[in-house]
Amino acid sequence: MNTVVSGPGKTVTISLDKPTVIIGERINPSGKKKLAAALSQGDLELVRHEAEAQVKAGAEIIDVNVVTPGVNEVNMLPRAMEAILETVDIPLCLDFNDPKALEAALEKYPGKPIINSVTGEEKSLNMVLPLAGKYGAAVVGLTMDEGGIPKEAETRASIAAKIVQRAGEHGIPAEDVIIDCLALTLGADSNSAVITLKAINLVRTELGLNQTLGASNVSFGLPERGLINQMFLAAAISAGVTCPTLDPIKTRQAVLAMDLILGRDRFAQKFLKDFRARQAEG
């Protein structure tokens, strides 16, 4: 199951048989005062800087989110997208709140992006999937519906299957649906990670789909977040996540180590190249 996406200069293939693809998460103003302030002022220099830094750190796809108070998303999402693509040439994952902003960006996108995201809710399916079909985009499917995020792994997998089925009705092939089984904080439920990992494994074995995950959600409200995140990320990749959404500056080494362990890095070439580069930089 290969999900192929593209930017103006590069094409990226996501697959269980290939090294893990990192989707960089840093262009998101939630909890980032400097980025939120820059976006509200129409200043995109920090967006460009974050894009460049993430690519240097190993991101192969960049998620772009401009949703913050005081920002006109319909105008800003296409502007931010264009600023990023002037700086780097990799594919983008377009995060949105307003579907008008999404379509405004899709109309100008030079390639095949990822839409982030659609859920199993009827309103979401009817709003997002026609746009994904119209513009030939891949789409992230969140395993939640009108009832919220299910506590049962099997229910999350069934929602994933529903999203795939409904996507097909709009001409979107299964390989263009990337599932997110949703990580919840262990601080609220000590079984939340186990449930997510079970759901990831079910989606892999029953549907064979590529999967993403915002792994850092698992540690929210807890100390030693970096340690928890890396352990959970390793387990998620082993279970079937192929394109996690994360901060590559903090987490790339963990991803490279997991690919090495899982036999996806022939003769440790990528791991050693990264190590030598970091050594050279001191």
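Helices here are DSSP runs of H or I with at least four residues, numbered from the N terminus. The legends below describe a predicted model.

**View 1. T251 in helix 9.** T251 lies in helix 9, which covers residues 248-261. Its relative accessibility is 12%. Buried means under 20% relative accessible area, so T251 counts as buried. Leaving aside residues up to four places away in sequence, T251 touches L233 and L246.

**View 2. Contacts of L213 in a loop.** L213 sits in the loop between strand 9 (211-212) and helix 8 (225-239). With a relative accessible area of 1%, L213 is buried. Residues up to four places away in sequence not counted, L213 touches D180, C181, L182, A183, T196, I200, F232, A236, V241, C243, P244 and T245. One of these contacts, L182, is 31 residues from L213 in sequence, and the two C-alpha atoms are 6.3 Å apart.

**View 3. Backbone of L182.** L182 belongs to the loop between strand 8 (177-180) and helix 7 (192-207). Most residues other than glycine have a negative phi. L182 is not a glycine, yet its phi is positive, at about 70°. The relative accessibility of L182 is 12%, so this residue counts as buried. L182 is also among the residues that L213 touches.

**View 4. Packing of helix 3 against helix 4.** Two packed helices are described by the angle between their axes and the distance between the axes. For helix 3 (residues 73-87) and helix 4 (residues 99-108), the angle is about 30° and the axes are 8 Å apart. The crossing of helix 3 with helix 4 is right-handed. Helix 3 contributes E73, V74, L77, P78, M81 and E82 to the contact, and helix 4 contributes K100, A101, L102, A104, A105 and K108. Of the residues in this contact between helix 3 and helix 4, eight are nonpolar, four are charged and none is polar.

**View 5. Packing of helix 5 against helix 6.** Helix 5 (residues 122-135) and helix 6 (residues 153-168) have axes that come within 11 Å and cross at roughly 40°. Angles under 35 degrees count as roughly parallel and those from 65 to 115 as roughly perpendicular; helix 5 and helix 6 are therefore oblique to each other. Their crossing is right-handed. On the helix 5 side, E122, L125, N126 and L129 meet K162, I163, R166 and A167 of helix 6. The residues of this contact between helix 5 and helix 6 comprise four nonpolar, three charged and one polar.

**View 6. Cis peptide bond between N116 and S117.** Most peptide bonds are trans. The bond that joins N116 and S117 is cis, with omega about 25°. S117 is part of strand 6, which covers residues 114-118.

View 7. A268 is found in the loop between helix 9 and helix 10. Although A268 is a residue other than glycine, its phi is positive, near 60°. A268 has a relative accessible area of 16%, so A268 is buried. Helix 10 (residues 269-280) has 12 residues. From its first C-alpha to its last, helix 10 reaches 16 Å, close to the 16 Å expected at 1.5 Å a residue. Just after helix 10, G282 has a positive phi of about 80°.

Technical notes:
Residues are numbered from 1 along each chain as its sequence is written. This is a predicted model: local features need pLDDT of at least 70, side-chain atom pairs count only at pLDDT 80 or more; totals for chains, interfaces and linings use all residues. Side-chain values use heavy atoms; hydrogens and water are left out. Axes are lines fitted to C-alpha atoms, for helices over the stretch in contact, and angles run from 0 to 180 degrees between N-to-C directions. Helices (H or I, at least four residues) and strands (E, at least two) are DSSP runs, numbered from the N terminus. Angles under 35 degrees count as roughly parallel, over 145 as roughly antiparallel, 65 to 115 as roughly perpendicular and the rest as oblique. A crossing is left-handed if the near helix is turned anticlockwise from the far one by less than a right angle, and right-handed if clockwise. Contact means heavy atoms within 4.5 Å. Ala, Val, Leu, Ile, Met, Phe, Trp, Tyr, Cys and Pro count as nonpolar, Asp, Glu, Lys and Arg as charged, and the others, Gly among them, as polar. Buried means under 20% relative accessible area, exposed over 50%, partly exposed in between (1.4 Å probe, protein chains only). The expected span of a helix is 1.5 Å times one less than its number of residues.
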